[in-house]
Amino acid sequence: MTGRTFQACVIPCIALLSALSGMAQKKVLDHSVYDTWKSLSNIKMTNDGKYAAAVVKEQEGDDHLLIKNTGTQKQFVLPRGYTYTIAPDQKFVIAQIKAPYAVTRQAKIKKTADEKLPKDSLAIISLDKFTVSKIPNVKNYRLGKDYSDYVAYTLDDTIKVKDKKEVKTYSLVLRNLYSEKEDTIRYAAEYAFSRNGKSFATILNPNVKDTVNKPAVLFINLDNQEKKTVSTGKTIYKSAALSETGGKLAFLATADSLKKEIKDYGLYCFDMAHDSAKLIADKNKPGMPDNWTVSEDYPPVFSKDGKRLLLGIAPVKLPKDTTLPDFEKAQLDLWHWQEPLIQPQQLVQLEKKQKQSCLSYIDLSTNRFYQLGSEEIPDISISDENNGRYALGKSNLKYQREMQWDIWAESTNEIWLFDLENNTRKQIKTALKGRTYFSPQGNYLLWYSPDDRKYYACSAATGKEVCLTDKLSVNFWDEKTDTPMQPYPYGIAAWMENDDAVLVYDKYDIWKLDPSGVKKPENITNGVGRDKKIIFRYIKTDPESRFIKPNEKLLLSAFDDTSKEAGFYELNKSRTDLLAMGKYTYSTPEKAKDKEIYCFTKSNFNTSPDLYVTGNLWKTEVKLSDINPRMKEYNWGTAELTSWTMFDGKPTQGIVYKPENFDPAKKYPVIIYFYEQHTDNLYRYFPPAPSRSTINIPFYCSRGYIVFTPDIVYTTGHPGESAYNAIVSGAEKLAENAWVDKDNMAIQGQSWGGYQTAYLITRTGMFKAAGAGAPVSNMFSAYGGIRWESGMSRQFQYEQTQSRIGATIWEAPELYRENSPLFFADKVQTPLLIMHNDKDGAVPWYQGVEYFMALRRLNKPVWMLQYNNEAHNLKERKNCKDLGIRLQQFFDHYLKGDPMPVWMKTGIPAIEKGRNYGFGTD
């Protein structure tokens, strides 16, 4: 061998060894990495696309605001910036800064009172120079929407209010962004800019002990700095609202004492042409129903053109019964079989019901009052941004009782059309299922009928009703629906200008429908989506737009239903042009208002989401951030799509996640995670994070596990068998690979996945361990249970939705028994870890208790984690961290042979609660 040949051989060998050594040296993820792992949120661009901004969030710690010049790449970082607004002139960014996390944490450890905790600050950032001015102790801030030379902010200087009825007030500062001149106003309870930024209003509520200053409403014309106290002499002012042009101001006020239980409010309106506000509505207003009054719970709002003032009215509330002291009053909830809503649902909705108001309006040109809503027709919407001639009235009161078992009953309504020009109303539909939409200018009503699965439109002017899709063979309803219910539609994309057409989706393409029914439906994506199995969806690039203009180019998201790749197309006069498509997940792009520049995030399983910008429709893109550079230090993983044939002979798919340092010569333990369908997430990024309920996939891949997520295909009446058919067949197929340790496989799922876990271990002993979060174990008792968060009965789940029985317990008791793990608990051979929390608002906590008690009675190895005052999925981060550790210890013990921790070996006695967590092995 010549020296040159030897050298040619050695160099690549050294490089290979170096690469392998580097990979071997990569760290594995542990629970210490979570807190500072970052994500992006609140992405925005300036109108000219020159700057992009985003909040870089830490899971537990200090966020920061990142502002980047998209051309020069120059950047500005505001430490601890967590919320921000780009000023209307695009020259400033206003941001709020949190106090340092460590400082606040230490203050809480010392049990510092809330009003004395470290305060936020305000930052005013000049974009052209990246200079910043900071103002301490700021509670909140606001700007005008379309134009504003000013920012208003309140200082967090309030004193703790002892009387809960007393309104908290703050010092308000109005600051000119250019001159930096400030005007301080004391005792501000609330404040607002007009949309155009020309007017400003604030409600002043001095301390009740202040004998000099009195409650008042202050109006400021920002063009000339003229201030007017437009109302004083009342005890309470609230709900200030300015018209869009700033020429009018409305508010609610009462002269009643703070101590009076039921207060009598009036609606006042100020016009810049006058010196003071005038009362325009109260209980004595002509047209006001007897014993009704202006509702204090409905903030007034002006129509877009400022010609109408909308208000809420309600029956006068009855005072509290004081004939008996509270301690002598019985406390109970009375359930009645004919009530529309069951008691738990009524109690959940109690505050909303107490504040329910009926929409009315004042015609400001005549000062006439018009009632629209009523107790019989509680839901009213006025067309064309409250300017329109027509209003839509809806009532589902007749169908509320059916909501307990019929998922469509919640959106079933009696429909009325109000003609505000003629002050008339007419009922036009009875028992109409599904949402009903106004076209932008109010010329048409549109709805999808689940009964015949077609779209309909009705002319507001003529009342003519037209079926828009009756001659089309394509489905506009979700073809993947596998529950025993009428499927939902794919949805509406947008309306065209002048209400000329509406765009709706089928599974893949976008259709243009003429609401008058004259023109034939048109597939504006020309069937490209269905031909290529690409799902097209319209991206609204201007959040202020109400419709699409003729010949407007449309940006479409694109998802390949076969490869799971994603990207973007442009729709230009029925021509679909590919812009980008790849093995990534993209966020919805944020467009610069005045230029075709977009910023977005891009990621996949092993690529952290970062901020990108493109100024040439994805021909090129520039990366603007690198929020998790340390990710490359860790052994991560890969995601692969796999297919197999289930036991019933049908095909399905799943994702196999392997460690980054995967070696096919080794054997790996496997955890199978499932819910329903997962493969559309092939290119989804999962940050390492504490567990709210499920395993963290990259965490387990990093630590030498293979994770498998199968898609489940369901058959009505047999959800448990369907899970077995897909999951176990997939596990057996996966186990055929030499690199799978088939003797060390486990399963884990939460909620519906928890149920399927609980069921599977009654059918097979092939899994070494199982984790079930919030599992239903007894479908009989669960059918009669309550979803406590919403107060709804759980019956609809079994008859129509996820639980997929398709019948009541009286129609098919055998199906409820077949699918209830509790009745087959004696067949369980697999150690089970249950998590079920005592404030679970979705699956009643006793479902986990029933299964635990059954397995305990049968002397089967079972543990249950019950996090106190916790929800269906954990909310408290401290509990998430705890669960993450216990899941790892549980699976590491059974699948890797690690020592059993104390909590698994002996439990934690109640007397040691909060002192001993049992994580150790001694």
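Student: Quick one, is Lys-111 buried or exposed?
Tutor: Lys-111 counts as exposed, at 75% relative accessibility. The cut-offs are under 20% relative accessible area for buried, over 50% for exposed and partly exposed in between, with a 1.4 Å probe and protein chains only. This is a predicted model, where local features need pLDDT of at least 70, side-chain atom pairs count only at pLDDT 80 or more, and totals for chains, interfaces and linings use all residues. Residues are numbered from 1 along each chain as its sequence is written, and side-chain values use heavy atoms, with hydrogens and water left out.

Student: Where does Lys-111 sit?
Tutor: In the loop between helix H2 (101–109) and strand E7 (121–126). Helices (H or I, at least four residues) and strands (E, at least two) are DSSP runs, numbered from the N terminus.

Student: And what's its phi?
Tutor: Lys-111 has a positive phi, near 60°, in a residue other than glycine. Most residues other than glycine have a negative phi. Asn-42 has a positive phi too, of about 55°.

Student: Where's Asn-42, then?
Tutor: In strand E1 (residues 38–45). Asn-42 is partly exposed, at 32% relative accessible area.

Student: What about Val-56, buried or exposed?
Tutor: Buried, with a relative accessible area of 2%. Val-56 belongs to strand E2 (residues 51–58).

Student: Which residues does Val-56 contact, skipping neighbours within four places in sequence?
Tutor: Lys-38, Ser-39, Leu-40, Asp-63, His-64, Leu-66 and Ile-627. Contact here means heavy atoms within 4.5 Å.

Student: New topic. Which residues touch the most other members in the largest nonpolar core?
Tutor: Ile-672, Met-745, Leu-832 and Tyr-851, out of 54 residues. Such a core is a set of buried Ala, Val, Leu, Ile, Met, Phe, Trp, Tyr and Cys residues joined through side-chain atoms within 4.5 Å. Helix H7 (residues 719–735) gives the largest share of this core, 8 residues.

Student: What does Met-745 touch?
Tutor: Leaving out residues up to four places away in sequence, its partners include Val-670, Ile-672, Ala-731, Leu-734, Met-766, Phe-767 and Leu-895. There is also a second, separate core of 40 residues, with Tyr-34, Tyr-685, Ala-769 and Met-835 among them.

Student: What's the strand order in the open sheet of 8 strands?
Tutor: E46-E47-E49-E48-E50-E51-E54-E55, with mixed pairing. Two strands pair if DSSP finds at least two bridges between them. Strand E46 (637–645) and strand E55 (862–865) are the edges, each with a single partner strand, so one side of each has no neighbour in the sheet.

Student: How do E46 and strand E47 pair?
Tutor: In the antiparallel sense, over 9 bridges, with E47 covering residues 651–659. For Ala-639, the bridge partner in E47 is Tyr-657.

Student: Which strands does H7 lie across?
Tutor: E46, E47, strand E48 (668–673), strand E49 (706–710) and strand E50 (740–750), and H7 runs at about 150° to E50. Helix H8 (residues 752–760) lies across E50, strand E51 (769–773) and strand E54 (832–835), at about 135° to E50. Axes are lines fitted to C-alpha atoms, for helices over the stretch in contact, and angles run from 0 to 180 degrees between N-to-C directions.

Student: Last one, how many helices and strands does the protein have?
Tutor: 14 helices and 55 strands. Buried residues make up 52% of the 922 residues, and the C-alpha atoms fill a box of roughly 95 × 75 × 70 Å along the principal axes.
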